[in-house]
Amino acid sequence: MAERKPLIRLLAALALVALAGCAGVVTRGTTPRVSQLSGGDDVFRASQDFVVAGLDAEIAGDSALGVSQYERALQVDASNPWAYLALARHYVEVGEARSALAYVDRAAGLLESLDLDSPGARLHCDGLRGAALALQGRDREARVLLDAAARGAPAVWGDGQLSAAELR
Amino acid sequence: MRLLGWGVLAASFTGGFAVAATLVGLDRQVRARFEGTQFRLPSRVYSAPAILYPGMDWQRFGLRESLMRLGYRDAGSATDLPPGQLVWESGRVRVHLRAFEHPTRPEPDRDIVIRLRGSKIADIRELPTGRSMGAVMLEPEPLGAYYGPVREQRELVVLDELPRYLIDAVLAVEDQRFETHPGIDLRRIAGAALANLRAGRVEQGGSTLTQQLVKNFFLTPERTLSRKLREAAMALIVEARYDKDAILKAYLNEIYLGQRGATAVHGVGEASHLYFGKPASRLTVAESGLIAAIIQSPNGISPYREPERAIARRNLVLELMKNQGRLTDQQYELAIAEPLRLATVTPESGDARYFLDLLHRQLTETYSSEQLTEEGLRIYSTLDRRLQQIAARALHEGLEAIEKRRPSLASDDPGRRLQGCLVVLRPQTGELLALVGGRDYRVSQFDRCSQARRQTGSVFKPFVYVAGLEPRAAGPVITLASVLDDSPLELSTPNGPWRPQNFDGKYHGRVGVREAIERSLNVATVRLAGEVGLNQVVEVAHRLGIESHLPAVPSLALGTAEITPLELARAYATLASGGVRPETQAIEDVVDPAGDVLARRELRFERVLDPGTAFLATSLLEGVATRGTAAGLYAGGLRGPIAAKTGTTDDERDLWFVGFTPELVAVVWIGFDEPRSIGLASSVGAMPIWRRFMEDVSGGTVRGAFPRPPDLERAEIAPSTGAIALRGCPEHRSEYFLPGTLPTTFCPDGDSPESDAIHRRFLRWLSENL
């Protein structure tokens, strides 16, 4: 029995990896980048294509086009949490806290309920929620969340911000 | 003699004064038209763009039909494929997508190859690079336009954007001395008069292009001397006041060039789209020749109805161009050899008329009626053209099937026929994807989805159960393990005692929550509403998205309040999206002719229900679809997650069916405008329409899953008592519970909780060590 245990664990680990791939969670790195996500069905992948295009547009300075691309991502797959996460990031950047909070809530809810959650994605949700709360002047609540994000991913959240390039 | 001289002088003076006054009047008219709003441009409404991606079922999407509706032409061979053309071969389609001009979300034209494998798109590659594409968008489809008193459509052009040979073609056949004459061409008039005299009838016209423009702008088509004189005078005024380019531009935008259904097509810009499916700037020499050719008689020489006559006339135009030195011999030879390749005729869609009216009502809150009919706005909507077509077909055929089944419901009077409506929302965003407001828009423009408030019957019941499931300070009134009382009930109301009855006329005693909603039991539901509190039920229904007035009376629980189908769709969308209420959106953006975005949608939603309660309510409605009154849904082979509720009002006057999947919410209503009994239950009347719609949309398999919050607890219960079913309990059913709401009683025939706890601990040990 003692000899079989590692094999069972290995199989279980493989099954988890396979499940993670099917669900479209991050495959490397602690904070997920949209362009590195794999798995998901055809609809999810097509939707992700628009999320990446939207982030590219924002990196190039065209935020209106970026938002349009995120909306197209939702047209293809309205359950894609990354599209909501990208929208939340955008609205934090343009200073619209209320919209940002609505989108980050939606992203977090979908990540959890569709079994797509990953520690890195959770960090993004916390960080973006913190940044949005800071915009509303709720500094104490914001600090807790931003600190947690910074501790979890100092390279990304160390400056208290998530750029389009960092999410891409 | 002297008196006569004075008389002549006076007459001359008077005549001269009258002529001068007339000329001043004509001049005023000319200036008003040329310097004011020259053309009234109706605003056009477009669908949401369709998106293609690898893995998509292109047959179910209707790829070929979509491309044809967008005016793509089959080029036959694929050597150098210009935008707007395609080549459909076995296993692949190459299509050069047109550019989409939009101020904030432009798309370049793309030459792509779509590889097909069976009914699926295998991959999409861009040429010439061969780059694989994850998704591509087709242009939004035109749905219709808001016209003023005159039903005309035109796309304005400027001369700089037009190919020179298009202008040359028009001038060659209509007015070859346009650049040099002063508005009237005496040589042409003399030539035409001579030709007509020889023929003994009117064969040629002597009008210049300026005269034609004046006639179209200001005058009636009558052939009288006084009208001709006014035409000539105004042509001279126009030429004196404006340069040739301004006149030519006005002419090319004004000239009548055919029909798109009931709509008159004016101007070379619009005609270019009508006949060739592309902007005028991209016309070839031969295509330019054809447009110039049909100016004489757009319907008589229609290339669709009279292709041979149209080609003959086109060739005459090309010959004139060559003879006048506007074409080289080589250009002429190439153009004359070009076959006639026309775009598919795309009359304005009639199936979205109710949607267009709804949009108009929304738009007039911001824009005046004149703005909508004259300023040429482009309105991009959320409508999904494919879903709209499927919805229209499902409703139409479903109503016919009901009449076939019950011939007494049929009527020869179109105004008294059985009616229905179908509305579809995307729950996560609130986008209105399809709306069919009635059976035939031509007979009745009343939109039963957004304008008709009707009693809802049992489709209201889920709001009672949501109110019962929702957490409160003292815990929820019910859980999915609760047992309700369905025994006789008498309530006192201002109208006297009220005794609710079940549909089958029987009472069912103690019933589980699931059974109560799956069988749509009235008495148990009324009793639950009383326990929850009627004001609480009203509050929950409003919070989920119902806007109509809801009287807090006991019969509310059975759907006696009057609600629109669109409101119901929104409230159920809140459940489908896990408790987040969306704002209903029908407009993506509004763009003016200068390219400025006047309005842009912002996705707005608000959490109004905790996700756990939304999930539990959805789970109950999944049971309705699996085992309850909507169990027939799956009978036709439909698979996947569906939550649904049937509703039939008193005397079977209104039949409702509300169903949702993780991606769509659709509401079907059936009834007469003047309410009368249909004599059928919802599961027989409305449900088949919903099922047909969803089968056609999904191909039989519904995608996705309803979001389940991770903090829900799961337990085995004994359905008859609602107790936790321990090992050995004779009945078991697995249910979800909000945290801290597990039943506190145990199945009496099972083991003790302690021994069961040992069993659970053993299972946990196993799971931790595997």
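Predicted model: local features only at pLDDT ≥ 70, side-chain atom pairs only at ≥ 80, totals over all residues.
In what order do the strands of the open three-stranded sheet in chain B run?

1. **The three-stranded sheet.** The order is 31-30-32 in chain B, and the pairing is antiparallel. Strand 31 (723-724) and strand 32 (733-737) stand at the edges with a single partner strand each, so one side of each is left without a neighbour in the sheet.

2. **How strands 30 and 32 meet.** Strand 30 of chain B covers residues 713-718 and is joined to strand 32 of chain B by five bridges, the two running antiparallel. To see one of these pairings on screen, look for B:Glu713, whose bridge partner in strand 32 is B:Phe737.

3. **A sheet of five strands.** Chain B also holds an open antiparallel sheet with the order 16-15-29-28-27. Its edges are strand 16 (431-436) and strand 27 (643-648), each of which pairs on one side only. On average, and ignoring direction, neighbouring strands here are turned by 10° against each other.

4. **Strands 28 and 29.** Within chain B, strand 28 (residues 654-660) and strand 29 (residues 665-671) pair over seven bridges in the antiparallel sense. A handy place to start is B:Phe660, which has B:Val665 of strand 29 as its bridge partner.

5. **Where the two chains touch.** If you now turn to the interface, you will find 34 residues of chain B in contact with 32 residues of chain A. The size of an interface is often given as the accessible area lost when the parts come together. For chain B and chain A, the buried area is about 2900 Å², with 52% of it on carbon and sulfur atoms.

6. **Polar and charged links across the interface.** Between chain B and chain A there are 14 residue pairs in polar contact, counting pairs with both residues at pLDDT 80 or more. The side of chain B that touches chain A is made up of 17 nonpolar, seven polar and ten charged residues. Five salt bridges cross this interface. In a salt bridge between B:Arg703 and A:Asp41, the side chains meet at 2.7 Å, N to O.

7. **Salt bridges over all chains.** The total over all chains comes to 66 salt bridges. A pair to look up in chain A is A:Asp56 with A:Arg168, at 2.4 Å from N to O. This pair links distant parts of the chain, 112 residues apart: A:Asp56 lies in helix 2 (residues 42-59), while A:Arg168 is in the segment after helix 9 (164-167).

Conventions: Residues numbered from 1 in each chain as written. Chains lettered and ligands numbered in written order. Heavy atoms only, no water. Contact = heavy atoms within 4.5 Å. Buried area = accessible area lost by both parts, 1.4 Å probe. Salt bridge = Lys/Arg side-chain N within 4 Å of Asp/Glu carboxyl O. Polar contact = N/O pair within 3.5 Å; in protein donor to acceptor, adjacent residues only side chain to side chain. Nonpolar A, V, L, I, M, F, W, Y, C, P; charged D, E, K, R; others polar. Pairing = 2+ DSSP bridges. Helix = DSSP H or I, 4+ residues; strand = E, 2+ residues; numbered from the N terminus. Axes fitted to C-alpha atoms, helices over the stretch in contact; angles between N-to-C directions.
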